[in-house]
Every structure is written in structure tokens, then in C-alpha cells.
Amino acid sequence: MKGFIFKEFMHIFRDLRTMVILFGMPIAQVLLFGFAITNEINNADIAILDQAKDVASTEITNKLLSSGYFRLHEVIDDPNQIEASFEKGTIKEVVVFEPHFAEKLQNGEKTTIQLITDASDPNTANLINNYTAGIIRDYAMKSNPNAGRTLVNVETTMLYNPELKGVFMFVPGTITVLLMLVSAMMTSISIAREKELGTMEVLLVSPLKPSQIIIGKVLPYVVLSFINALLILVLAYTVFAMPIQGSLLLLLLQTILFIVMALSLGIFISTVSNTQQTAMLLSMFVLMLPTILLSGFIFPIENMPLPLQIFSNIMPSKWFIIIVKNIMLKGLGMGYVWKETLILIGMTALFILLSVKKFNIRLNK
Amino acid sequence: MTKADTVIVVKDLVKKFGSFVANDHLNFEVKRGEIFGFLGANGAGKTTAIKILCGLQSPTSGDIKVAGFNVYTQTNKIKQHIGYMSQKFSLYEDLTVSENFRFYGGIYGLSNKLIRERTKTLLQRLDLEHAANKVLRDIPLGWKQKLAFSVAVMHNPEVVFLDEPTGGVDPITRRQFWELIYEEANRGTTIFVTTHYMDEAEYCQRVSIMVDGRIEALDSPKKLKETYQAASMNEVFIRLARAQKNTE
Amino acid sequence: MKQQPAVVANDLTKSYKSQLALKKVSFQIENGELFGFIGPDGAGKTTLFHLLTTLLIPDTGSASVRGFDTVADYAAIRKIVGYMPGRFSLYQDLTVEENLNFFAGIFNTTIAENYHLIEDIYKQIEPFKTRRAGKLSGGMKQKLALSCALIHKPEVLFLDEPTTGVDAVSRMEFWEMLRKLKQQGITIVVSTPYMDEAALCDRVALMQNGEIMLTNTPQRIVDGFKGELLAVSSDNMFDLLHQLENIPDTAAAYRFGDRIHYVSERNIDPEIIQKALASSGQKNVVIEPITPVIEDCFIMLMKSKSKNDPN
């Protein structure tokens, strides 16, 4: 058994291609997704609806426009124009000052500045909103060091995509796709390779049990996939400041569960394919594409036609993405993801059962 | 174009892979219509030499001409004028016999009319006209081997390279295959053949034996047996190849 | 307890889809025998080996290895046999030593434990033990594969076409190794398309088209050759073959090395052949009776088979 696992590691370490897929790919993907999302804003077009037109509102407007982040596109007079202004598609944000802004501030009354942002590009919307709010707070602090912070209330409204879906979504999605790729595709290919080379014949005509062969083939990939998942998390955390709100332990345990699920799926694929090529194609079309398209990674499930919505339920990745999102982004505990966890455990058990059953103790001819 | 009498000319062929010398100053000529046996132990450098002669690999140095063409600069011309068949070279299993002929004829730019004519003559020769429309996977192994040979000579090449053409073939089919080789040679095609069956070495007009990258012996089987005082080519071969193994 | 024969097969039949690969094959291999299945590609040798090594289940008939049934007791058989498939079945990306260690490991043994068994063979490749198997020459790969099949001290060793595509010298060395192994008491079952290797086995089965045509010792097979075998040579070998075929009552005429082997339906006087050839213009005709070899027997068996069987 030990020898088997050693041999499997050797296969992986000595094949440059495998190594690149295993470790180059996660890094490349995370960075790619990460940088496709802009981190800086430059001359974003905004509109101002100044119902106060006093010293304070003008000063804030000047501060905003001189920061270099924003460019004044339009001055609006009527709140009813806001919608129309957004619809032209140029402006990203409207800053709304309420009447008597400076007066209230002077009198120590609470006052509100409303920021309305186009959130169809959620990441940019978030950034613009944060920058604007920062500048406003900065002004409030300086004008009234004691109470400024509490006096100016920045009210944020996100238009078109109020829940900011998409932000940080790439991390759960990437983890899922990569674990699927590494675990399922790589194991199915490596088992098919033994069949192709004829070494499987020798393994079969040995006292090894099918379960031993399977575990021997799979264990190295569990370890490597897990390292991979950690790598992605560390990258997401350090490079993109992705928060992990919930329990890290729970997240890692769930990750292992998903890896085992993907591996058993990989073994199942290998039992029905005799060549590396078939294994590769099967993994591609049966696993990768649906994982990317139907799991909610790229296209929100609730926007899909009903048949696809129903179909997405048999995608293991859908459930894993929900789990990861709940733990990482919402900080929820086991109590909120038990249903999804059970579904994954069920799927894992099913695939293991199927592959042990299908894993032939003889040649399938 | 007048056809020269010497089809393959090899002078001082050297092929190195890094510091490893696969072919060490090979020298030989093969005449038109000759059946030339190219023997050697595994790893003696046969495959490398054949690849060079077929224009698939260029030599490190040496003067080599195949069918009058230079192996450095005219590899495309060479490929037009040679045929190639190996044990691994198989016809398309899911095409019929005549579809295979049409495909390979097309590769060599034969006209449709010519392809039809050649297919007919070649099948007549094999006595396999009845099989023309059979899918290849349904016909016996021995036939396939003969068909593969016919396909290799379909474009009337000046020289045909046969790399272990009879491996794993039954003794009767093996002999029928050699009859085909003889007939083809009588029509003026040069045959360049490798084999592990030593009795087949006796069927060649001249035989070269490669040992360790060099040609250790080159002569007619009869002369070789005299020189090495051996009863069969098998003995000659073993004596030569063994001598090298013992000095390794 | 009386020891079970090494291998027994009763009416083994196996077909793939519509193709019949093996037709009612029966034989018995005794313990300690070096037994050869001789036949061309497509004779059914590999299918037979897959059946005997429990990799396939026969359609009908049964087989056993050391008394264990290949279907019911497959697990027991897998513990006591060594198997070397026809294709090169080692891990190309592992070194010589890693391969050997791995195969020792899966049989729960170590190289040290059975080193005496493989010593003769392994010594020759040991200088290259840190080289990857994919980089070995053909002969060395074959030695490594044999070492790997032997490392767990199998009782019965199955070698499927171990010498195919290997040069004459390496083949000879390989058979020398097999003879040495036989002395250690291991039963060896080997298949080969090379007829000349039959003489090196204790007993052989000649196979063609999924059937065993004949099973016996090489000597008895040769003794059983029907008719007298003549070797004929002349100055013009190419025409000689056709001229011989045209002599009445010719049973067979075929090239064999530098001569033509000739068999007649009746006991023909060499003088008659001599005369017939002379009248066709042949010079320096030499005719002599010779002892047939296995290949002659195989050819004659094939010919009589195809005569009896219109297909």
C-alpha cells in the first residue's frame, strides 16, 4: 500500500504536465479572475443632485472632483431625473445632498448624503461607493472633529444588483472548478493510463483488492487537491483581501468532503473509459462544462430556465458553492449548511458505491 | 529522367544524439531491383538509419542519396518516390479495401483513373478482387498484411522500406508475403527490409548486419555463411551480435 | 495429498461480439513444465492467457491453475501466479529499482526476500537501476519485466509473447533464463509466434485460428511428420519454387531459408524430381532428405486443416 502511494506520487512529480495542471492552474486562475475585476477607479463619471447648494455641499463636491477618482458628468436638479440619468449608461454614481445640508451640520443635527450606485458591475460599484463615502467622512471629521463622524449619515443604495452578487464569487467558484478538475479529471486519466499501458493487467493479476487499487490511486490526489484548495484560499485572502467570515475548520472539512466526492466521480468515470483520451473527454463534458455553466458559478441559477434550474440540482458543485459562500461570505455555521452537506455526502456515497461495483476485477471486454 | 542503377547511396552516414552515436560511418549502396536485408540487434541503430533514408530525420553528416535525391534538401521528393510499410503501419480498419487504396493513392497524387486501375491490378495479383468492398476489420490478418504491402507500392515507388513486415504472421502467409516481395523486386522495385526472422535473411540478395551503430558485415547470405563458417544466417547473426555484447 | 496439475483447461471457448477467439481448447500442463503455445497473431494466445490469469471469464468450458478454478477461486490464483503481458507493462516513469520495489510491494514481499530467484536476470540490469524504465533498451526492458513478474516467487509463471519484436540474440538469452528458472521448480507457460522457439519448450501446443492443432513434445511432433521432407536448391531459386509446385502429386513446396522444402503426396524418388527440374533448365540441383523442424510441421498442419475445412 505504501509502495503504491509512493509510486503514484512519483508519477505526478515526474510529469511536468501534471505538475503544471496541478499547481500552475490554480494560481493562474485565481489571478486571472482577480485581475479581471478592477481594483482601482479612475475618473469615474458621477452626477450630483445638490438640493442644499450651500458651503458644505459645494466643498464636498469639490473634494470629490479634485480627488482624481471622479469626474462630474452631469448636475441634476430633480430627484426624478436620477433614473433617466443612469439609463444613459455613462454615470456610475449619483451623490444626493439633502436640503439645508450645511445648516443641519452647523446645528449639530443629523444629516444624510445618499449615494446611489450602478451595481451591474458589482466590484466597481463597491469601490466607487467606498471611495465616495471615505471622502465624505473625511470632510465630516475635519469640519467637526468631535461629532462629525456621527452627524453625517452616508446612505448607500445599489441599483440593478442590490445584493452585489459577483463580488468575491470567483473564489468559491474557482475552488470548486479546480477541485473538480484536479480530483476528478486527474484520477480518471491516471487510472485510464494504467489500462492503456497494460500495467492494469498486472495489477489485476495480483492479490491487490479493487479497494486497495482505488485508495492507492486516489490518496495522493486527496492530499494534492487539499493543498491546492489551501493555496487558493491563501491567495484569495492575501492578494484580494477575500474575507473568511465563518469557521475555517468547517470550511476545510467541507472542502475535504467535496474532494472525496470529486475523486469518487473520477474513479467512476475511469471505470467506463479505457483510454486516457476518453477519460479526458468524459471529464471535460460531463464534469467541467456543467460545473462552470450550471453550478451558479458564472450564471445565477435563478435566472436559468426552469428545466435547467431543476437539472442544476444534480450538480454537486452547486451545493458546494452554496456551502462555501455561506461559510466564507456570510459567516454561517453548520446549522445553516447541513442540508447541502447531507446532499454532498449522499452523492459521495453513491459514486463510491457505483465505482466499487463497476471497478472490474477482470478485463471488461 | 533516366533511372540510375543505384537507388540508395550512403557514404559516411553519421547520426549523433548528443554524445550517443546511433549511426557510426555507415557505407553501403543498394541497386535497382535488389532485395536488401537490413539486420541488427535491438538498439543497434537500424530504426535511426531507416528514418534518415525515408527523409524523416536528417543525419549529422554524410553523403546520402535515395532515389537520386539528397536527404538534406529534397526530403519531399524522397517521400514521393519511396514506399513504406511496417508491422505497426496498418490500413484504416473502418474503411473498405478499395477506400483504403483510394485514400493512399490520393496522398501520392494519383489520378482517380489511375487509382482505379492500380487497385484492380494489385487486387488481381493478390487474388483478392472479391474483397474490394469488404471493410478491413472483417478480413483475415494475413490478407491485411498483403494489402498493406500493395498499398505501399501503389504509386510505383523506386524503393520500398519494409520494417518487420512479417512479425507475428503465420508461416504460410509469411512465405506468400515473400513471394510478393520477389515479384515486386522483379518489376524493378528495390526492397529494403528488416526482420527478426533469420530464415528470411536468407531470402535477401544481400544482407547487412548492424552492431552497435556500425555495419559489421555486408554481403550475400551465401558469402556471409562462408566467411563466418556458419550453417545458417541465424548463426552468423548471433556470432556477430554476441561478440559485441561480450565486449560491452 | 496428490499435487494438482499446474494448469488444466477443458473446452475453453471465448468470443468477442461476433468473433470467436477461442474454440473448445483443452490441455493439461504438469508442474515444473516449460510449456509453449506456438502460433501466429490472431491464433487466440492472448485470449487464452487472459482466461488462465483470471482476467477474463470463458463463455463455456473451464480452467484451473493448481486446482483453483479461474472463475470461482480467482483470488487464490492471483496469489500464486506471475504474469507478464504481451505489451511492455512497466511504469516508464519509474526507475528500474522503483518498478521492482513496487511489484514486490503489491505482493507483500521485498526484493531481498526473493533476490536469489531474480539474481541471474537482475544482475544484468542492476548497473542501470536508477535509470527510468522508459529509457531502457528492448532487451533490458524484457529482463526487468521478467524480474518484476518473478519477484513474488510465483508457482506458475505466464509469459505472453515475451520475445516478440526482440532480436535473435536477446531471444536466445531470454530462453536461457527461462531454462534456469525451470530448474528452480517454477512452472512456465509461454506463448510465441516464433516457431523456432518451440524446440526450447518441454511440450508445445500449436495454435491457429483459436484452436489447438496439436499438443506434444517438440520431438514427437517432428517424429509425427507425415511423408518425407526434401530440401531442394539450385542456381535459380525463384523459378525453382514454381517448377516444384508443378510436379504431379506435390503436397507442399515452400521456401525455407536458402532452400526449398518439398513434400510429395506419395513416396517420390528424388531422381524423378531431379529429371523434371533438369528438363525445365535448372542447373546444380541438390536434393537431400532432411529432418523437419516445428515450422515444417506447422505448415503441413495448416495445409491439412484448410483442406478439411472449406473456409
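User: With which residues is Val94(A) in contact, leaving aside its neighbours within four places in sequence?

Analyst: Two residues are in contact if their C-beta atoms, placed from the backbone, lie within 7 Å. By that criterion, Val94(A) is in contact with Ile46(A), Ala47(A), Leu49(A), Ile76(A), Ile82(A), Ser85(A) and Ile116(A). This is a predicted model, in which local features need pLDDT of at least 70 and side-chain atom pairs count only at pLDDT 80 or more, while totals for chains, interfaces and linings use all residues. Residues are numbered from 1 along each chain as its sequence is written, and chains are lettered from A and ligands numbered from 1 in the order in which they are written.

User: Is Val94(A) buried or exposed?

Analyst: A residue is buried if 20 or more other C-beta atoms lie within 10 Å of its own, exposed if 12 or fewer, and partly exposed in between. Val94(A) is buried because 25 other C-beta atoms lie within 10 Å.

User: Where does Val94(A) lie in chain A?

Analyst: Strands (E, at least two residues) and helices (H or I, at least four) are DSSP runs, numbered from the N terminus. Val94(A) belongs to strand S3 of chain A, residues 93–97.

User: How many residues of chain C are in contact with chain A?

Analyst: There are 23 residues of chain C in contact with 20 residues of chain A. On this side of chain C, H3(C) gives the largest share, five residues.

User: How many residues of chain C are in contact with chain B?

Analyst: Here 27 residues of chain C are in contact with 26 of chain B. Helices H5 (138–150), H6 (168–183) and H10 (294–308) and strand S12 (250–256) of chain C each supply at least two residues of that side.
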